[in-house]
Amino acid sequence: MAESDSSLLNLDDEDLYKRLLLESYEKEGAAGLGGLQPQEPLGRRVVPKPGFCVKTKAENEQKVFINVCTAEEVPEPRDINEEELREILESEDAGKYRISMSIGEPHTEVDKGGKGCTAYDVIVNPNFYDKMQKQDIFKAFFLVVCLEGLEQKYQMLLSRNYTILKNRRCLGALQEQFLRTKSKPFIHEMEREKSSSLISEVESKESRIPEPEYTIIKEPADGYPEFLVAEFKLPAVRSVKFLTLDVGEDRIVLGARPDLYQLDIFLPYNINQEESGAQFNKKTRTLTLTMPVQPAS
């Protein structure tokens, strides 16, 4: 077995994850504007292809295996080189580089010693998988995000002393997953850990102000977008006069007085601030923000 390559990243996992908006394609219906839900999920079911297998342990010392696998239906992350990734990780904007992945349901398997264990299938785009195989820093970065994503989704703790198995591409049979293929929220804000000892005193104070539930959709769904449409659910807000909204070139800062909501997020595209517009619906207590995207350079 190969030793873990997590040492390539001199980053605190918890801190990194707070700065990431992890794109997650799971078994949920796409959230549309105005609270409308499609009658059926838009997408297809796929069986991923095997890649490599990671072994680690849960908090209860039970073995956990992560099958990193591929499917073309998962979007490919923005193509950057190793130097660009290092610059992003050393900056305060690590969340600008996001990796699309689909985290599957746990399935029970038996390890080589005949003991029971749990396996999870995590699907990425095959082109990004090839990049990970050639450049260790991308693999290490991905595994940091992957472990955090599994912990957040399934409310567990995983050891960072993982190993990448040399002679096994997956454990057990890879499970079929549902992947969206049409319009979908492309940013999914995951709930922060509420009781982490790594959160500073200042952050703990700020976290008392809740973040609103939101979705951000790109139009058109495929390729480079012309618009981003953000929808923020604000059930505690009665009037627009209680809201503060600051739209930057690649950032949204939203607040609701008195300390009802607070949100500060970065966007993966530069937008046209002057032509952006917002509308608050008193009946549904929803704020909709439409943002034209600047042309790709």
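**Helix packing, a buried strand residue and the cysteines**

The axes of helix α2 (residues 82–90) and helix α4 (residues 136–154) come within 10 Å and cross at roughly 40°; axes are lines fitted to C-alpha atoms, for helices over the stretch in contact, with angles running from 0 to 180 degrees between N-to-C directions. The model is predicted, with local features requiring pLDDT of at least 70 and side-chain atom pairs pLDDT 80 or more, while totals for chains, interfaces and linings use all residues. Residues are numbered from 1 along each chain as its sequence is written, and side-chain values use heavy atoms, without hydrogens and water. Helices (H or I, at least four residues) and strands (E, at least two) are DSSP runs numbered from the N terminus.

Helices α2 and α4 are therefore oblique to each other (angles under 35 degrees count as roughly parallel, over 145 as roughly antiparallel, 65 to 115 as roughly perpendicular and the rest as oblique). In α2, Glu82, Leu85, Arg86 and Leu89 meet Ile137, Phe138 and Phe141 of α4, where contact means heavy atoms within 4.5 Å.

Thr70 lies in strand β3 (residues 63–70). Thr70 counts as buried because its relative accessibility is 9% (buried means under 20% relative accessible area, exposed over 50%, partly exposed in between; 1.4 Å probe, protein chains only). Beyond its neighbours within four places in sequence, Thr70 contacts Pro48, Lys49, Ile123, Val124, Pro126 and Tyr129.

Zero disulfides (pairs of cysteine sulfur atoms within 2.5 Å) are found in the whole structure. Cys69 is in no disulfide, the nearest cysteine sulfur, that of Cys170, being 7.9 Å away. Cys69 is buried, at 0% relative accessible area. For Cys170, the closest cysteine sulfur is in Cys53, at 7.2 Å, too far for a bond.
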